Amino acid sequence: MAKLYINEKNQKGHINAELYGNFSEHLGRCIYEGLFVGEDSEIPNTKGMRNDVVAALREMKLPVLRWPGGCFADEYHWKDGIGPKETRKKMVNTHWGGVTEDNSFGTHEFFELCEQIGCKTYINGNVGSGSVQEMSEWVEYMTFDGESPLSELRKANGREKAWKIDYFGVGNENWGCGGNMTPSYYANLYRRYQTYVRNYDPNHPISKICGGPNVDDTYWTEEVLKTCFENAPKHVHGFMDGLSMHYYVHPGCWENKGSATQFDEKTWYQTLAKALYIETLIHQHSAILDQYDPEKKIGLICDEWGTWFDCEPGTNPGFLYQQNTMRDALVAGLSLNIFNKNCDRVKMANIAQLVNVLQAVILTDGPKMLLTPTYHVFHMYKYHQDAMLVDSYLEGVRTIGEEKEVMVPNLQESVSIDQDGIITITINNLSLEESENIEVSFTELSPSKVTAAILTNKMNEYNTFENPDNVKEVVFEEFKVTDKGLSFIIPACSVVQFRVK
């Protein structure tokens, strides 16, 4: 039996809603077909945005959306995506499939999408192939409410009032697809480019995100911070509000990532072990940030994370379309719990990607749409958003997977309390075979009202357009309320959520 001790009086930090963010790139069928079908489409839409997808994202409570990339961001020139659609410049998407990008989804469409969803905006600027002037003018076009040639151009294109940018990424993966730069070279470019990301609205300053490391590249982190902090005024914190970090999970090597649906038990545990490794990465890069920013003013921004397997057979390999199983659900549950528990430094996270690409929360096929197991985890976890992390400890956790030459804990959790005093508990059972008895004890709380939900199935089960509800969140009733808390059995291969008042 395992015991979960919760000290609801010991609040350890604020869980930013942005930890539950997402990422949308001009890649495969994420934007086109997934989010945007055009106003003339027979698929029900509002100003070109799919009504079914928007409704699902609102229900999931999507807090922030990153766009237009990804690698695409550093070859994207924003002026190609404004004005009448019939006159917009076409380009070749050299990173993703070599297809023609017609730029019918651009700046105006992105903000329209975010307004329909009700989420914050995260724009990624072009450092790799763009100029300082181009980036500066884009920010002015989007956010300046006064009179200038660029604000007048925005108005001529149909938007009178300026938009608000919540986050702005100055480049993307500039150690790789964003220019193959050295860290000191990029950091000097960052200092220069960010200078011209002006705050035209003093009541809504833009949070600037500096391009950070790939996986465990602590040298990049150290050199970028060293350069950005050199002779910088103390109050500007290295000219940044956040430092990004990217980490993708796959059980094989980069060249052979394995199938999204056909895998054995050993591969299951290998994948979950790699998912748990993100906490080690957070601690490694946070230790370097602590040297430069001990007050933790700079957030670690995990703006690309999730599973990356081989694309589905018969699909364009440049489109990165993959199915989504219970394995993906557990990766999502583990990762979100880790972000919660490290909310003192991790301030935003954006799973890759929103629709039809990598670990998507939604898949579409023409007029059809389905919610993936990952979507259901995000839906179950949405109550953590803007809540306070509270102290929790799991006693009796066992190490499993040894017979598969992989070692992971059988249980993992996080706990929060919201402004109404409702406690949210999210627990994952990583075991494929064994359920576990769990007793929950609170410091003072005597539960008066408890609801629960569960997502569970066999490890490689997933949803199809013929059977979209094969894996879905359902009400969980197999628990008892005790004097001290709760008692229940968590099934193998499952994610469970409790709401306790």
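Me: Of the contacts in the protein between residues at least 6 apart in sequence, what share joins residues at least 24 apart?
Reply: This is a predicted model; local features need pLDDT of at least 70, side-chain atom pairs count only at pLDDT 80 or more, and totals for chains, interfaces and linings use all residues. Contact means heavy atoms within 4.5 Å. Among contacts between residues at least 6 apart in sequence, the share joining residues at least 24 apart is 76%.

Me: Which radius of gyration does the protein have, and why does it agree with a compact globule?
Reply: The radius is taken over C-alpha atoms, and the globule rule is 2.2 Å times the number of residues to the power 0.38. For 501 residues the rule gives a value near 23 Å, so the protein agrees with it at 22 Å.

Me: Is Tyr 269 buried or exposed?
Reply: Buried means under 20% relative accessible area, exposed over 50%, and partly exposed in between (1.4 Å probe, protein chains only). Tyr 269 has 4% relative accessibility, so it counts as buried.

Me: Which helix holds Tyr 269?
Reply: Helices (H or I, at least four residues) and strands (E, at least two) are DSSP runs, numbered from the N terminus. Residues are numbered from 1 along each chain as its sequence is written. Residues 265-292 form the helix with Tyr 269, and that is α7.

Me: How far apart in space are Tyr 269 and Val 406?
Reply: Leaving aside neighbours within four places in sequence, Tyr 269 has contacts that include Val 406, Val 408 and Leu 430. Tyr 269 and Val 406 are 137 residues apart in sequence. From C-alpha to C-alpha, their separation in space is 6.1 Å.

Conventions
Side-chain values use heavy atoms; hydrogens and water are left out.
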